[in-house]
Amino acid sequence: MEFDIQWHITNKCNLRCSHCYDSQCNLNELSHDECLKVIDEIAEFSEVLNTLYKTNIAINFTGGEPLLRDDLFELIEYANNKGYYSKILTNGTLLNDDIIFSLEKLKVKFIQISLDEIGEKHDLFRGQKGAFEKTISNIKKLTERNFKVNISCTISKYNIDKIDDLISLAIKLNVNGIKFGRLIPIGNGKNIEELLLSPIELKNIFSHLYNEKKRLSSQVDLILDDPLFNIFGCNNELENPDQKLGGCSIGLNRICITADGDILPCRRLPIKIGNIKEDTLRAVWFNSELLNNVRSTEKLKGKCKTCNNIKACFGCPAISYAVYQDYLEQDYQCWI
């Protein structure tokens, strides 16, 4: 089983994105020594998971902007020595030849880069003029050096008419895939809640992406790890549950650690379930009331409670919490 630790090693960022989950720049970051202890704790947690099922843990170093953390390379090297696969999730603007060379030496082969629009509209959304050109230039450098690159794109009314253009750009850039996610109105995103897609708009774009995923499979991987996309796929032709296209990973194969050590079920679901300086990952993973609640359909509310497709979906707890202040409520954007 693949298991991702999404670790926000810093809240510092060089951009001011309109949809950023973190509207407050909390600089109370873990120290270098505390970060090393986090990696040690991940190692102990991995041993526990491996007693239950074979687990391959990847540490997703992100932020903020992870490249603003001075000891990033030291942390990656320490994680490498523990046997972990390190990934970088970045806005892509701060990469340069020296950084790319260092990442190459550290055997970091996977980079996820955020891209939400084309040209000046991307710059406007990201809060920095020239961000688009810098990002595109650096993606080219990475693919030329044989890095596995995924583009991450947040879908909203702001860019729904440019999704095909972004897919074409991804193919032109020769990236491995383009990952689509929904806008979640938390942090800065609260200020652009009007950009949330309606259920019908979301259904239509997911339907289109479902067809494009099959048509373009030899050129680029269209990644939608979203519960509602999972329902769409299963409703159409995927009867075997082992063939799921996506679904929420909360409580299954992912957990989040923030820059100050708080443990969250997901970065988009900002409910503290522990702190890495006080709690073990093992204790949180197995004993968290929230995680145990979302692992079962028993406490779900609204139409999710009686939906025939719930075992393939469970809805998105993050958007339920953002809209209804209740992570067990029905998915706000569900079209069923």
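Tutor: Helices and strands here are DSSP runs, helices having at least four residues and strands at least two, numbered from the N terminus. The model is a predicted one.

Student: In which loop is the place of Ser-156, and is Ser-156 buried or exposed?

Tutor: Ser-156 sits in the loop between strand S5 (148-155) and helix H6 (163-173). Its contacts, leaving out residues up to four places away in sequence, are Leu-183, Leu-195 and Leu-197. Buried means under 20% relative accessible area. Ser-156 has a relative accessible area of 1%, so Ser-156 is buried.

Student: What angle do the axes of H1 and H2 make, and what is that arrangement called?

Tutor: The axes of H1 and H2 come within 10 Å and cross at roughly 25°. Angles under 35 degrees count as roughly parallel. H1 is therefore roughly parallel to H2.

Student: Which residues of H2 does H1 meet?

Tutor: H1 passes H2 in a right-handed crossing. By class, their contact has six nonpolar, one polar and two charged residues. From H1, the residues involved are His-32, Cys-35, Leu-36, Ile-39 and Asp-40, and they meet Glu-74, Leu-75, Tyr-78 and Ala-79 in H2.

Student: How many Å does helix H1 reach from its first C-alpha to its last?

Tutor: Helix H1 covers residues 32-52, which is 21 residues. At 1.5 Å a residue, 30 Å is expected. The reach in the model is close to that, at 31 Å.

Student: Why is helix H11 largely enclosed by the rest of the structure?

Tutor: The cover over the buried residues of H11 includes strand S6 (177-182) and helix H10 (289-294). The buried residues are Pro-317, Ala-318, Ile-319, Ser-320, Ala-322 and Val-323. H11 is largely enclosed because the buried residues number six of the eight.

Student: What is omega for the cis peptide bond that joins Gly-63 and Gly-64?

Tutor: Most peptide bonds are trans. Gly-64 lies in the loop between S2 and H2. The bond between Gly-63 and Gly-64 is cis, with omega about 20°.

Student: What is phi of Asn-146, and is Asn-146 buried or exposed?

Tutor: Most residues other than glycine have a negative phi. Asn-146, in the loop between helix H5 (131-144) and S5, is not a glycine, yet its phi is positive, about 70°. Exposed means over 50% relative accessible area. Asn-146 has 61% relative accessibility, so Asn-146 is exposed.

Notes: Residues are numbered from 1 along each chain as its sequence is written. This is a predicted model: local features need pLDDT of at least 70, side-chain atom pairs count only at pLDDT 80 or more; totals for chains, interfaces and linings use all residues. Side-chain values use heavy atoms; hydrogens and water are left out. Buried means under 20% relative accessible area, exposed over 50%, partly exposed in between (1.4 Å probe, protein chains only). Contact means heavy atoms within 4.5 Å. The expected span of a helix is 1.5 Å times one less than its number of residues. Axes are lines fitted to C-alpha atoms, for helices over the stretch in contact, and angles run from 0 to 180 degrees between N-to-C directions. Angles under 35 degrees count as roughly parallel, over 145 as roughly antiparallel, 65 to 115 as roughly perpendicular and the rest as oblique. A crossing is left-handed if the near helix is turned anticlockwise from the far one by less than a right angle, and right-handed if clockwise. Ala, Val, Leu, Ile, Met, Phe, Trp, Tyr, Cys and Pro count as nonpolar, Asp, Glu, Lys and Arg as charged, and the others, Gly among them, as polar.
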